[in-house]
Amino acid sequence: TGTGSWDVFGGVVTTRQTLSYQLDGQLSYQINSEANGVDVGDVFRADGSFQKRLWPTELGGGVPHFLYGVIEANLISQAKDTVKGNRNINSGGTRLLISPGIQYVTRWIVEGGLQIPVWQDLNGDALELDYIARAGIRINL
């Protein structure tokens with residue numbers, strides 16, 4: 001994003017959903033190409049998410065309203081960047097993030113979570129991530 005390069009990515013996603021929980025998994029790889037002398041390191045991701053219905057405990061009729069507890073894990077490994085043919089020794093590395101959250105679902109969805117870095121093995125003086133708060137609203141049409 002923002003580098004001017006044309007990048008290629010691919011992956012596989014799997015989901016298992018029941019009336020009380022949902023389990024998601026994803027593996028992906030992004031090949032970042034060079035543009036304007038900058039080649040951002042390629043990225044491998046392994047993501048998993050578990051969502052458990054907390055409320056209602058029993059299903060009824062009408063338009064349903066659900067409250068889910070969510071826990072997500074993200075393993076992200078990025079190769080070092082290259083700038084004008086020189087490897088940036090202070091870039092890339094591997095991170096593991098855990099994200100507890102909550103999700104309210106009806107005809108629209110309100111969700112939020114806190115992404116917590118639990119392990120970071122970065123190259124050189126690459127910047128570590130701090131906590132990341134995420135929130136969103138979606139409308140199902």
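1. For the terms, strands are DSSP runs of E with at least two residues, numbered from the N terminus, and two strands pair if DSSP finds at least two bridges between them.

2. Before going further, a word on the model: it is predicted, so local features need pLDDT of at least 70 and side-chain atom pairs count only at pLDDT 80 or more, while totals for chains, interfaces and linings use all residues. Residues are numbered from 1 along each chain as its sequence is written, and side-chain values use heavy atoms, with hydrogens and water left out.

3. Asp 39 has Thr 82 in E6 as its bridge partner.

4. The other sheet is open too, with seven strands in the order E1-E2-E4-E5-E8-E9-E10 and antiparallel pairing. E1 (8–17) and E10 (132–139) are the edge strands, each pairing on one side only. On average, neighbouring strands here are turned by 15° against each other, direction ignored (axes are lines fitted to C-alpha atoms, and angles run from 0 to 180 degrees between N-to-C directions).

5. Now some pairings in that sheet. E4 (residues 43–55) and E5 (residues 66–78) run antiparallel over 12 bridges, with Ser 49 partnered by Glu 72 in E5. E8 (residues 93–105) and E9 (residues 108–122) are antiparallel over 11 bridges, and a hairpin of two residues joins E8 to E9. Leu 96 has Trp 119 in E9 as its bridge partner. E9 is also joined to E10 by eight antiparallel bridges; there Gly 113 stands opposite Arg 134 in E10.

6. Worth a look on the surface: Val 8, Val 12, Leu 27, Tyr 29, Ile 31, Phe 44, Leu 75, Val 118 and Trp 119 form a nonpolar patch with about 800 Å² of accessible area together. Patch residues have over 30% relative accessible area and no salt bridge, nonpolar side chains being joined within 5 Å; areas are Shrake-Rupley with a 1.4 Å probe, and a salt bridge puts a Lys or Arg side-chain nitrogen within 4 Å of an Asp or Glu carboxyl oxygen.

7. Who supplies the patch? E1, E2 (21–31) and E9 each give at least two residues, and E2 has the largest share with three. Trp 119, in strand E9, counts as partly exposed because its relative accessibility is 43% (buried is under 20%, exposed over 50%, partly exposed in between).

Notes: Helix = DSSP H or I, 4+ residues; strand = E, 2+ residues; numbered from the N terminus. Patch = residues over 30% accessible without salt bridge, like charges linked within 9 Å, V, L, I, M, F, W, Y side chains within 5 Å. Buried < 20%, exposed > 50% of the residue type's maximum accessible area, 1.4 Å probe, protein only.
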